[in-house]
Structures are given as C-alpha cells and as structure tokens.
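Trainee: I've got a model open and I'd like to learn how to read its ligand shells and domains. Can you walk me through it?

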Amino acid sequence: MLPRILLADFSTIPLAPPPRYTHLLRQRLKAQEIIKRRWNPTLLKRGSQCFSRGLLSIGTVLQKHEYPVVYRHSPLRWRDIDEEVERFDIIGASCTTASVNRALEFLRFAKQAKADLLTVLGGPHASAKAIELLAEYPEIVDLVVTGEGETAMVEIADAVRESGTVAGFRSGAYGGLDRRLIDGTERARSKNAPIVNPGYELLPYSLLNYGVNVNTSRGCPFACRYCSETEVIGPYRRTPIPQVLDELRDVASRVPHGTMVHFCDSVFNFDRSHLASLVVGIRRARLGLAFSCDLRPDCVDVESIALMRDAGFVKYCVGIETSQESVLRQNGRMQSVVDVLVALRTIRECDRRAFVVAYFLAGLPGSTSQGMLDDARFMRQLLLSGLTNAIGNKVLVPYPGTAVHQNPSELGVKIRHSDWRLYSRFGPPVYDLAMITGQEIFRLFLQQEAVVLQTYCGLQELDCDALADVHPSDYVYEYSLNDVYQDSAFSCS
Ligand code: B12
Ligand code: SF4
C-alpha cells in the first residue's frame, strides 16, 4: 500500500490583536504602507499568502520517494472535511504555539472522519512540547516529530507502506520507530541528509500570490534566551550556495520581474563568506528579483552590504530588540547600542536607497518602565535621524523552547498561563516581570506604538486620524477567529 499523504499547514493563522490595540495598529500599518510606497514602490511587490517552507521541503522528499502528496494551508477551512480526509492515509500537520490548538482541532476532525488515519505533528511548537502533546492528546496525535521532518516523514511513510496498514504502526510495532516521539534532526544527521528545496509546485495557487521566504541556512549559532531557534530548529547548518541559486531561479521563473524575496535565515549575515558567495552568484544569475533579509547588527560589515546592494537587496531588517544594554546582556544578546548605531550607519552609507526596518521586542526580562520609555525615545530618534525608515515592535512571548519559558524564575519572570491561543506578539504579555507587571508592559508597549505612529505622521506630513479610515479587509488583524472556517484566502505578514 502506497500511503497517500496530506501536509496540513498551520504554521500561520489569522491573529487578532486585543480591541485596545486594533485601532492603533491599523493606523500604524497604514502609515507604514504609505512610507514604503513613497520610498520605493517595488517594496510592495510581494504576495500576501503564506506557506511553510518546512512542509514544502518535506513534500519534495516524499515526492522523490514517489509518495502521493497534497499540501493545504489551514484545511480546517475545507467545507467538507469528512470527504476530503477520506482521500488520505497519513496527515502531517505543522504548528506554532499560537496555532497548535487549531492544528489539533483539525486532527480531531480528521480522526473522527477516518479512524484509520495516521496523524503526525511537527513544527516549532511540536518540537518544544512533544512529550506533553503525546500525553495530552493520545486520541488525536499518533506521532510527534521534533526538529527537521524530511527524513522522519519518509521513514514513517516507508513503514506504513511496508506494513500495508497504519493500525499496527500506532501501537508502536515498527522497527526503529517504536516510540511515538521521533527526533527528526537526529535522524537527518545520522543519515547525513541534505537540505532540500521546497516543492513550490505543491502550492494550490501560483507563487506570485505568496510572500516568498527563502534561506541559505537552518538553525542559529547564537542562543538569545528569549528565542527558541537554537533549541527547536536544531544546530546551524548551511545550504550549498548552488542549491540556493537553483531555488532562486525556480522562484524567478514563477513570479513577476522585480518581486521581492525575503531571506529568512535566523542570522543571514552570520557567515560572511557564505553570504559573499551567494550575492556574487545572484549578480551573475541576473534573476530580476529584489531582496530583503534579517540582519544581526553586530555582524554587519561594509563589504557585505556593498555586495548585497549590488545584487539587488532593497530592504534590511535589523534586530535591535532594546536599547537597554543590561537587558540585552541578561538575555544573552551580546550586542551594544554602539553596534546598533554603527550597523545602521554602515547600511545607510553603503546604500542610501535601502529601506531599513529596526526590530524591537517589548517586555524582555530585566525591563523596567523607565527602560521601555527610553526605548520609545530611541525608536523616535532612529526614525528622525533617517537611520531607519520603519520600526517593527512586538510584545515578547515566552515561547516553549526558550530559556524564558524553561527557566522563568532565573530571569525574574512569572508566567501566568499556558493558553497557547493567547501566545501572540500582538497581545498583552502572558507573564509578569519582577519589576513590572504584564499589564504595565502592555500599556507601555501601546505608548511606544503611539510614539512611532506620531513620528511617522510628523515625518510624512500625514493626518493620524485620517489613517483610521482604512477598509478592514486590508489587514489580517481584522479577521476574527471564526473567519478561518469560512474564508479561503487570508494574508499574514
Ligand atoms: C519565515 C518565518 C515566518 C514567515 C512565514 C511563516 C511560515 N509559514 O513558515 C512569517 C513572516 C509569515 C512568519 C510569521 C510569524 N512567525 Co515566524 N518564522 C519564520 C522563520 C524565520 C523561518 C521559518 C522557516 O521557513 N524555517 C525553515 C523551515 C525549513 O523550517 P520549518 O518551517 O520550521 O520546518 C521544519 C521543521 O519545523 C519540521 N516541521 C515543520 N512542520 C512539520 C510538520 C510535520 C508533520 C513534520 C514531521 C515536521 C515538520 O520539519 C521542517 C523541515 O525540516 C522561523 C524561524 C526559523 N528559523 O525557522 C520563524 C518562527 C517559525 N516564527 C515564529 C512566530 C512566533 C511567528 C509569528 C507568530 C510572530 C507574530 N507575528 O506574532 C507569526 C505568525 C503570524 C500568523 N499569522 O500566524 C516562531 C514560532 C515559535 C513558536 N513556538 O510558535 C519562529 C520559530 C521564530 C522564533 N524563534 O520565535 N514567520
Ligand atoms: S534572536 Fe536571532 S540571533 Fe538570537 S537566537 Fe534567535 S535567531 Fe539567533
């Protein structure tokens, strides 16, 4: 029996901010859109739908082994789940913390529709909470794969094919896979499995509808205490540059000229020689794409930025997090304000046309009210000085897999609850800090957001109030949690 596999993507779901933030967020995003358009209209050339790279890579490997694979984003939206599910033998679902309940809900429906179905859960949340998920949902989740899923999913499909049924598999009868928790990263390493490119042909719509994220590496060599990357993604490893260029050629053949592609490596500028080979390759390949990427300020250097500029990079997102150096240190983020300013100046001097976004995180362990107000001032100064064009600001979430989640008391954090649906970077913190409550953090976060909006409006001569007059469907944040069942297309960026 050749098992038929559904890859169910719950890596992004509609997220709604609390009412008191909705209006401000809408104004702020509208202002940012205007700023972007005025700066460089091509920055908007990017689709708004999302896909999970990871699931599409799993799809590539399964197809190479001749398994029939279907990929769907949020299949909860299927009008007739029972009928659809009937067509599959294995469901592999991805999930993040905010979306895990949604993924579980779908797997529950699927099991009700077809009891003889093997369900596998993977992705960042499943990697961090594998044991708990297996213990709490024995009827819904048969297997959890931690870390990388490609090799593990092929082994699972092979085992089902060999046995001719999924029933015995669930009871743990098969070979090496005799436990319900599978360490995907370890399996990939033991087999020396190469990183594969995602199977874009599996997407239900043309790639031009999607925001395309590519990467040149997996994992992160750093270990910031508020980030789960090192713990849940696995060790840092590079994708060979010729392979990345093949993927970019494939992407370029599927999207309009000038489309912006984002490099979503954890730290794109960590390995200078890897980056240099990439950008030299991009120049030679004449792809007709524009690029953006995420940078760590303490790794920025003039040569790399100059090469990137010449290769078509138009947007840089720089992880600043906070201007409070003691907070950065406490969180294992070894960068200083001087590093930040030098990095931003370097980018500006090398590439005057670049669109620069400075990313902040509100409510890091060690934060104080005064520190958060200082951050608001710092954000304003960055915008006024022209070193950055936009600010990205989110509330810290102690995701499973982070040191903040695992050892909260060591960092002076008291986590209030584990209702994963509320683990959103748009909402009030799910924790209190020793020096400041979650409620106060959120109040100061809203103040920071208001400062950013006012600064945008001042610089661009925009009328803040007029910005509220935005059609609700312009933004993903407007979707209520129920819309997911009816709506067939939503954006998330
Ligand atoms: C690109 C990216 C995005 C993109 C695209 C997301 C997507 N669909 O993948 C965008 C910008 C949309 C995005 C948004 C958000 N993101 Co994001 N994102 C990333 C980033 C940087 C790269 C993802 C990626 O492509 N990785 C590479 C691929 C190969 O890995 P992968 O997708 O994880 O898949 C592998 C494994 O996880 C596993 N796997 C995954 N699914 C499955 C399923 C099965 C069955 C199996 C067996 C295995 C398996 O196998 C895959 C292949 O090896 C990651 C960090 C990272 N480095 O991974 C954060 C990350 C996934 N994002 C994160 C978060 C929190 C968000 C937001 C919630 C933030 C917010 N705004 O509040 C939003 C979601 C908004 C929404 N509406 O839902 C967190 C998730 C943490 C958590 N526990 O939930 C991460 C880990 C960053 C972090 N360190 O905190 N994100
Ligand atoms: S915050 Fe960035 S640098 Fe720090 S561990 Fe996460 S991905 Fe790596």
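This is a predicted model: local features need pLDDT of at least 70, side-chain atom pairs count only at pLDDT 80 or more; totals for chains, interfaces and linings use all residues.

Trainee: Which residues are around ligand 2?

Mentor: Cys220, Phe222, Ala223, Cys224, Cys227, Glu229, Thr230, Ser266, Val267, Arg296 and Gly319.

Trainee: And how many residues surround ligand 1?

Mentor: You'll find 43 of them, with Gly54, Gly92, Ser94, Gly122 and Gly149 the closest. Two or more residues each come from helix 2 (53-64), strand 3 (90-94), strand 4 (118-122), helix 5 (124-128), helix 7 (150-163) and helix 10 (229-233).

Trainee: Which element gives the largest share of that shell around ligand 1?

Mentor: Helix 2, with five residues. Sorted by class, the shell around ligand 1 holds 19 nonpolar, 19 polar and five charged residues.

Trainee: Now domains. How is the chain divided?

Mentor: Into domain 1 (19-48 + 205-480) and domain 2 (51-190). Note that domain 1 is written as two segments. Taken over C-alpha atoms, the domain centres are 31 Å apart.

Trainee: Which domains does the shell around ligand 1 draw on?

Mentor: Domain 1 and domain 2, with at least three residues from each.

Definitions and conventions: Residues are numbered from 1 along each chain as its sequence is written. Chains are lettered from A and ligands numbered from 1 in the order in which they are written. A residue is near a molecule or strand if its C-beta atom, placed from the backbone, lies within 6 Å of it. Helices (H or I, at least four residues) and strands (E, at least two) are DSSP runs, numbered from the N terminus. Ala, Val, Leu, Ile, Met, Phe, Trp, Tyr, Cys and Pro count as nonpolar, Asp, Glu, Lys and Arg as charged, and the others, Gly among them, as polar. Domain bounds come from an automatic or database domain assignment.
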